[in-house]
Amino acid sequence: MSIDGAMRTGPILRRRQAHVLCCGGARIETQASSPAVVVKLAGWVDASNLDQVAATLRRFTSMRTPLILDLTRLEFLGVSAFRALFAVADTYCETGLQCVIVDGPALRPYTNLGAQSRSVPIVDSAESAHSRVTPPCRPPVVARDRTRC
């Protein structure tokens, strides 16, 4: 959706340091916040737009920063989309980066059945997600005669 509420496909829209991308029926809003990148999914994710959404999420691994995947505004999540989202999140964690998922109504049917990842925590709120991530430590920088992180 665009700012006025109409569905829009195509390029990323910029709004107050947030980037919005429409992938079929899904709306992906990203925002860099300290110490993580927050990705908010809205709309629906199923087999028809799954590849676009998963490819977009995979791009965040190159940023080398923790990821908070907020699903509170997601209306529908298909079974294949559920598996793919957790596969992307698991891959993110396998690279040594933190990933936290914020639960929402579309995810609850799966989590109520006990289907979730061992490496990716699911929390109830964005505040809980922010409290779980820690900023990545940059490689040591040698400044004159001392080393600092």
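I begin with two strands: β5 and β6 pair in the parallel sense, over four bridges. Two strands count as paired if DSSP finds at least two bridges between them. Helices (H or I, at least four residues) and strands (E, at least two) are DSSP runs, numbered from the N terminus. Within this pairing, D70 has V102 in β6 as its bridge partner.

A word on the origin of what I report. This is a predicted model, in which local features need pLDDT of at least 70 and side-chain atom pairs count only at pLDDT 80 or more, while totals for chains, interfaces and linings use all residues. Residues are numbered from 1 along each chain as its sequence is written, and side-chain values use heavy atoms, with hydrogens and water left out.

Now the overall layout. The chain holds four helices and nine strands. Read from the N terminus, the order of elements is β-β-β-β-α-β-α-β-α-β-α-β-β. Of its 149 residues, 44% count as buried, where buried means under 20% relative accessible area, exposed over 50%, and partly exposed in between (1.4 Å probe, protein chains only). The chain exposes about 8700 Å², of which carbon and sulfur atoms supply 52%; accessible areas come from the Shrake-Rupley method with a 1.4 Å probe, and for residues only the protein chains shown count as cover. Among contacts with a separation of 6 or more, 59% are between residues 24 or more positions apart, a contact being heavy atoms within 4.5 Å.

Let us return to the strands. To which strands is β4 joined, and in which sense? Strand β3, residues 26-33, is joined to β4 by eight bridges, and the two run antiparallel. On that side, T30 has V39 of β4 as its bridge partner. Eight bridges also join β4 to strand β5, residues 67-77, and here the strands run parallel. In this pairing W44 stands opposite F76 in β5. Eight of the 10 residues of β4 are buried, so this strand is largely enclosed by the rest of the structure. Strand β6, residues 99-102, is covered on both faces: C99 and I101 on one side, and V100 and V102 on the other, are all buried.

Is N49 buried or exposed? N49 is buried, with a relative accessible area of 1%. Its side chain reaches two backbone oxygens: that of C23 at 3.0 Å, and that of W44 at 2.9 Å. Leaving aside neighbours within four places in sequence, N49 is in contact with C23, G24, G25, A26 and W44.

Helix α1 itself spans residues 50-58, and its buried residues are L50, V53, A54, T56 and L57. They cover an arc of only 160 degrees around the axis, which puts them on the same side of α1. The arc is that of the directions from the helix axis to the C-beta atoms.

G78 counts as buried at 8% relative accessibility. Not counting residues up to four places away in sequence, G78 touches V45, D46 and Y110. G78 and A106 are 28 residues apart in sequence, and 8.7 Å apart in space from C-alpha to C-alpha.

Y110 brings me to the last topic, the aromatic rings. F82, F86 and Y110 form one aromatic cluster. Rings of Phe, Tyr and Trp (its six-membered ring) pair if their centres lie within 6.5 Å; planes under 30 degrees apart count as stacked, over 60 as edge-to-face, and the rest as tilted. By this rule there are two aromatic pairs. The ring centres of F82 and F86 are 4.9 Å apart and the planes lie at 55 degrees, so that pair is tilted. Both residues belong to helix α2, residues 79-94, and are four residues apart, about one turn of the helix. F82 is buried at a relative accessible area of 9%, and F86 is buried at 7%. The rings of F82 and Y110 have centres 4.5 Å apart and planes at 15 degrees, so this pair is stacked. F82 lies in α2 and Y110 in helix α3, residues 108-112, so the pair ties together parts that are 28 residues apart in sequence. Y110, too, counts as buried, at 15% relative accessibility.

Thank you for your attention.

Technical notes
Polar contact = N/O pair within 3.5 Å; in protein donor to acceptor, adjacent residues only side chain to side chain.
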